[in-house]
Amino acid sequence: MRAEKFKVADFHCDVLSKMQAYPDINFDNDPRLDVTAERLAYGGVELQCFAIYLSATRGKLSFEHVLGQIDLFRQKIVSTDGLQWLRWKEEVGNRLVGAPPQAMLSLEGVDGLEGNLFYAQLCFELGVRFLGVTWNYANWAADGVLEKRNGGFTEKGRKLVEWCNHSGMLLDVSHLSQAGFWELADLSSRPFIASHSNAAAICGHVRNLKDEQIKALIAMDGRMGLTFYPWFVCDHGKARMDDLLKHIEQVCSLGGEKHLMFGSDFDGIDTWVEKLEHPGKYPDLIEQLLRYYPEDTVKGWMYENATSFLSVNLPSQVSKP
């Protein structure tokens, strides 16, 4: 099978924060973006997750900023002739031939929820389906991975996890502290994901996951999205596609062949894996993978592992709370 015929799911990009900073950006083909509608189509990306990331350069992070990015998503990404919004398990892969790609909304760090679970509920009602508890530092819910004290969840944070489990909001542990990861593994009654993290055994960056964390994700039938930020791919920071394969091998050696997916972090990075600078290059990555792995395995990593998780764990439109 030719690489161009493979479907791709990408679980993390930061287009929305760029759009909020530069309101004149055109999603179709703006050169300031890594991810554009044209590149998604060329790369065979049939599912793209858009993160709501609030940069500290905006000053105090507020729910108003979260709403602003949701509105950008509604107006510029999933408008009438735009991508198709994926919110419910019944919609997973449910597309007509030739239809636009599907798009999901995630929240990268709950700082902008201001400790208010009503704001979390509003995000759910407005279509957000994944919630990353922290960015790199501490917030009202938990510690991020760069907090030296390596704390876990606050009392409000534990109530947030309980609400997520009840509502159907899915949880994402990329950027969460190690202590927070293990506390969440105990607290959560549902599997979670790491949307954009790599294997620490291959590259020792603090954002990458230890083997025991990867094993825990596998045991709960969660998912791990390998990311393309060079400093998370190799220790010297100048990464090639072959360097990504080392992370794939590591996760598979731990039993994670069916749990791997990709979360590029396009538009959230300022350096790129060589020859993998935007989603239009996904066919080149697929061709590289097909040199070493069977087609069915590669199809799983590129799309099917992600969508099989969503088809089970997204909330149901029929029985929504």
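I began with strand β1 (residues 8-13), which is joined to β2 by four bridges, the two strands running parallel. I noted that this is a predicted model.

For cysteine 49, I found that the bridge partner in β4 is methionine 104.

How many of the nine residues of strand β2 are buried? I found eight, so strand β2 (residues 45-53) is largely enclosed by the rest of the structure. I wrote down a general point beside this: in a regular strand, side chains alternate between the two faces of the sheet.

**Asparagine 29**

I moved on to a loop. Asparagine 29 sits in the one between α1 (15-21) and α2 (37-43). Is asparagine 29 buried, exposed or partly exposed? I read a relative accessible area of 42% for asparagine 29. Buried means under 20% and exposed means over 50%, so asparagine 29 is partly exposed.

Next I checked what asparagine 29 touches. Leaving out residues up to four places away in sequence, I found Thr36 and Glu38. With glutamate 38 I also found a polar contact, side chain to side chain, at 3.5 Å.

Last, I looked up a distance. Asparagine 29 and glycine 237 are 208 residues apart in sequence, and from C-alpha to C-alpha they are 28 Å apart in space.

Conventions
Residues are numbered from 1 along each chain as its sequence is written. This is a predicted model: local features need pLDDT of at least 70, side-chain atom pairs count only at pLDDT 80 or more; totals for chains, interfaces and linings use all residues. Side-chain values use heavy atoms; hydrogens and water are left out. Buried means under 20% relative accessible area, exposed over 50%, partly exposed in between (1.4 Å probe, protein chains only). Contact means heavy atoms within 4.5 Å. A polar contact is a pair of N or O atoms within 3.5 Å; within protein, one must be able to donate a hydrogen and the other to accept it, and residues adjacent in sequence count only if both atoms are side-chain atoms. Two strands pair if DSSP finds at least two bridges between them.
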